[in-house]
Number of protein chains: 2
Amino acid sequence: MATKGKPMTYSLSEMKDEFIGKTGTKKRDAYEHELSMEVLSYMIKKVRQERNLTQEQLGQLVGVQKAQISKLESSANSATIGTILKVFKALKAEISFHVKIENRKLQFG
Amino acid sequence: MATKGKPMTYSLSEMKDEFIGKTGTKKRDAYEHELSMEVLSYMIKKVRQERNLTQEQLGQLVGVQKAQISKLESSANSATIGTILKVFKALKAEISFHVKIENRKLQFG
DNA sequence: ATAGAAGTTTCTAAATTTGGAAACTTTTGA
DNA sequence: TCAAAAGTTTCCAAATTTAGAAACTTCTAT
């Protein structure tokens, strides 16, 4: 898709800034928060597929029925860290957490 | 601390391989699992300190009593993803998750 | 088109987390 | 040294997650 003069590639951050709002705005915060909420569900599913496993097979590896895998893949935000780690362990996948401290003043009171 | 001839710097992975065991060994797996279990607790505390907050102040930001913050900082593995995200949001910190798929065959049956 | 595989939803009970409140312990700074 | 601040632990109840089982829906390959 050609446009006139404007570069066609943006980094993900730049796109977020432009279309969603700069880091710190309410809209961006909400977006990032929702993104984080569902990213783990997506990851579990993605890795399972990468491993060519059905939910039932993964369930066996974890030691639960397929229904629990399905629920996790649809919404992991209410799952405990321990549960998530158990699943990734069964998938032979290493998960790591990275924290970035934003340069904004905290408000409270 | 000087030694003869041997380089003094290792990457974290190399050190893990040498002192704990290669990825895939039971010992390494156990280590990684335990590490993941507690890293979030550590991160919450670290970021809070980085922000120069007491547990009570962070509690106010999150909307809970300081006791809950203390419990989270001592053991986050049983907390839900949602709870963890709520705390990091209050700390104005972005958390991201990274998954690395290990190249090992899965066994099940 | 269709049957079976794969995935989703619902109901239920047990297990566990969340959070308050208060007592307790440790740390800190004067 | 000591009092106050900061952090931890315990008890309890409400809220929520976990998991099984089964019914239901969607997907897939023939």
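Biologist: Which residues come nearest to DNA strand D?
Modeller: Of the 18 residues around DNA strand D, the nearest are A:Gln65, A:Gln68, A:Ser78, B:Gln55 and B:Ser70. A residue is near a strand if one of its heavy atoms lies within 4 Å of it. Sugar and phosphate make up 68% of the atoms of DNA strand D that come within 4 Å of the protein.

Biologist: Before we go on, where do these values come from?
Modeller: This is a predicted model, in which local features need pLDDT of at least 70 and side-chain atom pairs count only at pLDDT 80 or more, while totals for chains, interfaces and linings use all residues. Residues are numbered from 1 along each chain as its sequence is written, chains are lettered from A and ligands numbered from 1 in the order in which they are written, and side-chain values use heavy atoms, with hydrogens and water left out.

Biologist: How far is B:Ser70 from a phosphate oxygen of DNA strand D?
Modeller: An N or O atom in the side chain of B:Ser70 lies 2.6 Å from a phosphate oxygen of DNA strand D.

Biologist: Which element gives the most to the surface near DNA strand D?
Modeller: That element is α4(B), with four residues. Helices here are DSSP runs (H or I, at least four residues), and strands are runs of E with at least two, numbered from the N terminus.

Biologist: Changing topic, how many salt bridges are there over all chains?
Modeller: The count is two, a salt bridge being a side-chain nitrogen of Lys or Arg within 4 Å of a carboxyl oxygen of Asp or Glu. One joins A:Glu73 and A:Arg48, at 2.6 Å from N to O. This pair links helix α4 of chain A, which holds A:Glu73, with helix α2 (residues 26-50) of chain A, which holds A:Arg48, 25 residues apart. B:Arg48 and B:Glu73 form a salt bridge as well, their closest N and O atoms being 2.6 Å apart.

Biologist: Is A:Arg48 buried or exposed?
Modeller: A:Arg48 counts as buried because its relative accessibility is 8%. Buried means under 20% relative accessible area, exposed over 50%, and partly exposed in between (1.4 Å probe, protein chains only).

Biologist: And what about A:Glu56?
Modeller: A:Glu56 counts as partly exposed, since its relative accessibility is 44%. A:Glu56 belongs to helix α3 (residues 55-62) of chain A.

Notes
A polar contact is a pair of N or O atoms within 3.5 Å; within protein, one must be able to donate a hydrogen and the other to accept it, and residues adjacent in sequence count only if both atoms are side-chain atoms.
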